[in-house]
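Hi,

Here is the model I promised to pass on.

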Amino acid sequence: MLEYIARRTLLIIPALLFVSIISFSMVYLAPGDPAEILLTSPEGTPSPAAVEAFRVRMGLDQPIYVQYLRWLNNILHGDFGYSYMSERPVFDAIFKSFKATLKLSIVSMFISVIVSIPLGILAAIKHNSATDDLCRLGALVGVSIPNFWQAFLLILLFSIYLDWLPVAGYGDGGDLRHMILPAITLGTSSAAVTTRLMRSSMLEALSQDYIITARAKGLSEKVVVGKHALKNALIPVVTMLGLNLGFLLNGAVVTEWIFGWPGIGGLVVDSIYQRDYTMIQGSILFIAVIFVTLNLIVDISYTYLDPRIRYEAKD
Amino acid sequence: MRLRTKNRNILIGMSIVMCLVFIAVFAPLVAPHDPTEADLGARLEPPSKEYPFGTDHLGRCILSRVIYGTRVSLLVGVTVISASLLIGLVLGTASGYFGGLVDEVIMRLVDGFLAIPSMFLALALAGALGPGLTNMMIALIAVEWTSYARVVRGSILSIKDQEFVVASRGLGAGDVYILTRHILPNIISPVIVIATMGVGYAILAAAGLSFLGFGVQPPTPEWGSMLDSGRLFLRKAPHIMVFPGLAIMITVLAFNFLGDGLRDEMDPRFRKEIPH
Amino acid sequence: MSHLEISNLRVRFPTDDGVVRVTNGVDLDIEEGENLGLIGESGSGKTVLGMAIVRLLPGDAKIEGTIRFNGRDLLSLNEAEMRSIRGREIVMILQNPTNSLNPVLTIGSQIEEAVRLHSELDKERAKKKVVELLEEVGIRSAARRAKEYPHQFSGGMKERAMIAMALASDPSLIIADEPTKGLDVTIKRRVVKLIKEVTKTKSMLFITHDLGSAAEICDRIAVMYAGEILEIAGTEDLLNDPLHPYTKGFLDSLPSRGLKPIPGMGPSLIDLPSGCKFHPRCDRAMKLCKREDPPMIQKENGRRVRCFQYA
């Protein structure tokens, strides 16, 4: 078991190495010379001398592998370089926006959990009833609705027609009023996925023989469902919640951009628009590290949540 | 009699998909207007008899654009998933069947791709390659193929040591024969289920990329980019946003219904049991 | 008044392929303190019969007839009334302890639940009682093992834990469904001994396809086939002088008696044969057997048999 965890942890290294190559080479996937493109302004093409000076300053005159190794070496020492555009340290910008993303994700997660777990349980208990059908339909709609569209519907209703909430922005350090709409938008698909998983996991648990044992003891249905079935059914759901936190990052891209939330998703979109390559490289690598670490934690925690696997861990 | 849910889901999903395919194929016959024809005298008009879904900021018929948009979305969805499926099938099969170093290399590659959240990877690739339909599809394939490779590999691992495969090998059957005759037919059903849902997901992701300006470029009618251009007129003409978004949702929903129904149909766990 | 009296019990399940008739007019009675064996092949309806008594069948099951326990008709009780009997006065030991114990709860807590539900003991005393129960069913270092999870127990140990759980409320009737299934011979022998021991002062319906275990434990044995009771007799009588052709065939098919299987297969419960359910496989079948359902015929010693031969 320890061996599994060790192997699982070590495997992160090649994956992240691969990610570093991918994110680094983004610059060279694009057609054209990055220095020239970056220096091109509305006033016209830059002078060859200016381009050359920029290349030397940014180290773009070196062979690619030298650039890569230097970049990687710097990153391993915590230096993500400077933004091509603002010339601010990349890491500071990433870290600051990641905090905003984390804040939004946690609130989204909270909303999605308080909606989805009860709905999933309800659907499972009322299996094959109209309630169940409605929950399943709602969950399907939830994963099918484009979040950028949903965002506009919410803005239209709550900000424009009802004028209850601000259209967009971070407000006073990301206050609740500014957070509600983006958090709902971001949490919808996660809620939908969790509802479905909770439902099927609960149905699976309720069909087990130990449920009959629990009923045969004379336990009330509340205890049978709320204790015996739920304890088993929650194991995959809790695991999935960890993964969902990672998938929330996906939704953050569009959601943050629309709501002007200063998170890492919006940062990446803007950096791509501006061809701010050091920022793109740094953010992609940073997100990958977060994502991979999260998945690792989920994997390991899974083995400890389930006593059957936990037991094997002792061997 | 009440239809069983699984059949009902397949039925609903299938009918909507059929309708969409029909609309896409016969778009010129179904659409009331030319989707790119701008009527500058009728800009941002709300739905009317002439323009059932209204017009956009250039006075183009939104209904016609939504109808033509079906073509791009279905094309992207089906192309991306077919290509991902093919890559996943080849690499997943090689990985699961041969094992050893081949498996190790392929799985590390998969790990690498999966290490970046899919929307970020697609966005970064689409951004790096530059806007356009083909580049967007390449970016989406790069994101999608890994799940097929994993599912195929997993299914093959679970099946390759089963008795009928071992017996076949004992009778002198070769690798190709065993793969095509015994293994592939057995892994096809989980693959069909995730591919069906994958089409919906690819359409959703493509619309997102186009919305951000990394996919299909105007004036080609595409749902995501229609939403993007409607963004600025949200207060004045909300109908521009409503219909393309609805079209995306219904299309994705249809594929999800279909995939959901197929899964229930193929998953023996949902069959009824009587105590014995 | 019998302790348990089942009359004309019919259980049906509607399915997509047709109505499955699992029990077809079962009459059974268990006297106070008696151990009744219920023998039959798998698919004969014996588990469903057991589950019907404690009313744990799935919601779509159609149940008719009467089940009187101490004179009360269980089928007419509401769920709350039923719960006060189920687990307290009648307990059921389900087959397959591996699946019947909750994998994420400790053995001790699962037994404790049963203890506390049916007594006024506080947590401390309940825990003590759990250890006593585990000791009673022969589990060593019970206090430590109570804190373990089901997968840490062997098959025989899990069966013992199930029995301990059944004894928690000191019930007057135990329904044991195949408690010896899947156990190897020596462990089976010990479990049988334990069951015999703990049911000395209780009534029991012992459901099994293992005649050896039934013979060891039971006072009387009923033979079930295709949802009907074909023969009931005292254990000695049944083993030494089986009356029904099916009982004879069943005995002859045992390894100790020649391993001669009954030709043919058990009938489909959706499309049951007319007349005697066993006639297609019976070597003594007459025309009458095909046409008419044989009645239950009373014989000496309180024996009963459902066969025209004895009419």
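Which residues are buried in helix 5 of chain B? They are Ser118(B), Met119(B), Phe120(B), Leu121(B), Ala122(B), Leu123(B), Ala124(B), Leu125(B), Ala126(B), Gly127(B) and Ala128(B). "Buried" here is 20 or more other C-beta atoms within 10 Å of a residue's own, "exposed" is 12 or fewer, and "partly exposed" is in between, with C-beta atoms placed from the backbone.

Some housekeeping: this is a predicted model, where local features need pLDDT of at least 70 and side-chain atom pairs count only at pLDDT 80 or more, while totals for chains, interfaces and linings use all residues. Residues are numbered from 1 along each chain as its sequence is written, and chains are lettered from A and ligands numbered from 1 in the order in which they are written. Helices (H or I, at least four residues) and strands (E, at least two) are DSSP runs, numbered from the N terminus.

Eleven of the twelve residues of helix 5 of chain B are buried, so the rest of the structure largely encloses it. Its buried residues pack against helix 2 (12-29), helix 11, helix 12 (264-273) and helix 13 (277-305) of chain A, plus helix 6 (133-160) and helix 8 (175-211) of chain B. Contact means C-beta atoms, placed from the backbone, within 7 Å. After helix 5 of chain B comes Gly130(B), with a positive phi near 95 degrees.

Also in chain B, Glu45(B) sits in the loop between helix 2 (27-30) and helix 3 (62-98). Glu45(B) is partly exposed, with 18 other C-beta atoms within 10 Å. Leaving out residues up to four places away in sequence, Glu45(B) touches Tyr51(B), Gly54(B) and Thr55(B). Thr55(B) is ten residues from Glu45(B) in sequence, and their C-alpha atoms are 5.1 Å apart.

On the interface side, 17 residues of chain A are in contact with 24 residues of chain C. Helix 10 of chain A gives the most to chain A's side, with six residues.

As for chain C itself, its secondary structure comes to twelve helices and twelve strands. Its C-alpha trace spans about 65 × 45 × 40 Å along the principal axes, and 44% of its 311 residues count as buried.

Cheers

Methods:
Contact = placed C-beta atoms within 7 Å.
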